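Subject: Structure handover

Hello,

Here is the structure for you to pick up. My notes come after it.

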Amino acid sequence: MAKSEMELNQLSEIANKATDAAAVVVRKYYSNAARFQFREKDGDGPVTCADVEAEQAVVSVILEAFPSHSIYREETGWHNRDNALLPNQFIWVSDPIDGTSSFVGKDNCAFGILIALVYNGKPINGCIDQPILKLRWIGIKGKGTTINGQKVSTLDCCDLDKARVHLKVPNYNDDAKRAYDCLSNKVGKRLFNGNCIVFGELASGFVDVVVDCALDPYDFLALVPVVEGAGGIVTDWEGRELLWDASTRCRKVGLRLWLLLEKPYINVLFHIVYAIL
């Protein structure tokens, strides 16, 4: 963990400043009536000038405060990767616009800025920011989760057949399709494809479970402190803790099924695992 309370507060302050910087860029492009250019990124969705500029804004803030820190970015990869391979190092991980397709289509603000801080493989600080609606969830390990400064928590849900579950449409492989088919008919209400914002909604108690898959480190690391700080559980689809080994050369962490829910109701977690086996 961070070496002191003062250090953790300083790191959190820089995370907020970096998110502020990215939000200014995103709002600038979102409010522009003119269409802007984008390109497809190796079959992994579009990337725009807003993504790149927002990412640069995040990096500038972090490096001004912590020049030796490592940063892993969606659009441009590593900064100072060698340092990240040493023990007891802080690594920042950012996705300047999670849900770029929604951003380009101006689709119900279903996109957000993600910034995580990782220490020894574990995310200790996470931010989910919706810059148009000006909603910001901050999760800090050991301190809980807030939205715009107000504490939030998940709600109680004892029964899977009453749960509100956010699912990703299973267009990745047969395992995802099988899990989706087994689970989707056993829940109370199904919702679909909301990108990072649904994890903030989970932390605030608006949904009970989120199931996702095929996530990169910059897609999921910021979400973990936000959900766990609100009382939720985050695992891969075999019930294991989500960690990140920065030494791996693989871009994808592999297919993941996310099970997120309230701690007092772990029986629901086992019911979900049973449903997809």
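The chain has a mean pLDDT of 80, and 80% of its residues reach 70 or more. Residues 250-277 are the stretch to watch: pLDDT there is below 50. In the model this stretch still has 97 contacts beyond near neighbours in sequence. Where pLDDT is low, the predicted coordinates should not be read in detail.

Strand β7 (residues 122-130) runs antiparallel to β8, and six bridges join them. D129 stands opposite R136 in β8. Four residues lie between the two strands of this hairpin, and K134 takes a positive phi near 55°. β8 then pairs with strand β9 (residues 144-147), again antiparallel, over four bridges. Here G139 has T145 in β9 as its bridge partner. The β8-β9 hairpin has three residues between its strands, with G142 at a positive phi near 85°. Strand β8 (residues 135-140) has five of its six residues buried, so the rest of the structure largely encloses it.

Then there is an open sheet of three strands. Its order is β12-β11-β13, and the pairing is parallel. β12 (189-192) and β13 (209-211) are the edges; each has a single partner strand, so one side of each has no neighbour in the sheet. From one strand to the next, the twist averages 25°. Strand β11 (residues 164-167) pairs with β13 over three bridges. V165 sits opposite V209 in β13.

Best wishes

How values were computed: Residues are numbered from 1 along each chain as its sequence is written. This is a predicted model: local features need pLDDT of at least 70, side-chain atom pairs count only at pLDDT 80 or more; totals for chains, interfaces and linings use all residues. Side-chain values use heavy atoms; hydrogens and water are left out. Two strands pair if DSSP finds at least two bridges between them. Axes are lines fitted to C-alpha atoms, for helices over the stretch in contact, and angles run from 0 to 180 degrees between N-to-C directions. pLDDT is the predictor's confidence in each residue, from 0 to 100. Contact means heavy atoms within 4.5 Å. Buried means under 20% relative accessible area, exposed over 50%, partly exposed in between (1.4 Å probe, protein chains only).
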